[in-house]
Amino acid sequence: MKKIIKYPLLVILLVFFFAACKKKQVTLTTAEKIQGTWQLQIEIYHQYVGGVNYSDTTLGNGATIEFRSDSKAYSDFQGQKDTSVYTLTGDTQITLNGTDTYDIKTLTSNQFVLYSKQTQGADYYEGTITLIK
């Protein structure tokens with residue numbers, strides 16, 4: 001009879017043990033996700049002004065930008081270092097230095113894609129920046 005009582009007790013203890021070991025899923029905010037150093041993978045620039053198309057593609061070549069929790073971003077592009085202030089608008093936009101606003105198209109643990117389009121009449125500028133960790 002003692003064996004019969006021990007097994008259900010053992011099963012109950014195992015159920016509680018495994019239930020207690022479940023990992024809680026942590027959801028990071030956009031501000032937390034962007035923190036850290038990102039490498040420029042590619043920047044695609046397209047401009048249409050006065051009926052003329054201009055476009056350019058820049059590969060990363062070791063350029064980096066580090067977003068910190070104090071709302072500052074430190075960039076290094078071919079030895080030219082700069083510090084910018086950034087602000088987030090919800091989970092969908094980031095503004096650098098109060099003037100350049102980008103839509104956040106993708107934000108994962110290893111990829112950050114920004115897009116911007118500005119129009120003035122028939123003229124426009126658009127750019128896509130892809131950063132990776």
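Visitor: Is Ser116 buried or exposed?

Guide: Ser116 is buried, with a relative accessible area of 5%, where buried means under 20%, exposed over 50% and partly exposed in between, with a 1.4 Å probe and protein chains only. Bear in mind that this is a predicted model, in which local features need pLDDT of at least 70 and side-chain atom pairs count only at pLDDT 80 or more, while totals for chains, interfaces and linings use all residues. Residues are numbered from 1 along each chain as its sequence is written, and side-chain values use heavy atoms, with hydrogens and water left out.

Visitor: Which residues is Ser116 in contact with?

Guide: Leaving aside neighbours within four places in sequence, Ser116 is in contact (heavy atoms within 4.5 Å) with Thr101, Tyr102, Tyr125, Glu126 and Gly127. A polar atom of the Ser116 side chain lies 3.3 Å from the backbone oxygen of Thr101.

Visitor: New topic: how many salt bridges does a search of the whole structure find?

Guide: The search finds one, counting a side-chain nitrogen of Lys or Arg within 4 Å of a carboxyl oxygen of Asp or Glu. The side chains of Arg68 and Glu66 meet in a salt bridge at 3.2 Å, N to O.

Visitor: And what is the relative accessibility of Arg68?

Guide: Arg68 has 36% relative accessibility and so counts as partly exposed, and Glu66, with a relative accessible area of 25%, is partly exposed too.

Definitions and conventions
Polar contact = N/O pair within 3.5 Å; in protein donor to acceptor, adjacent residues only side chain to side chain.
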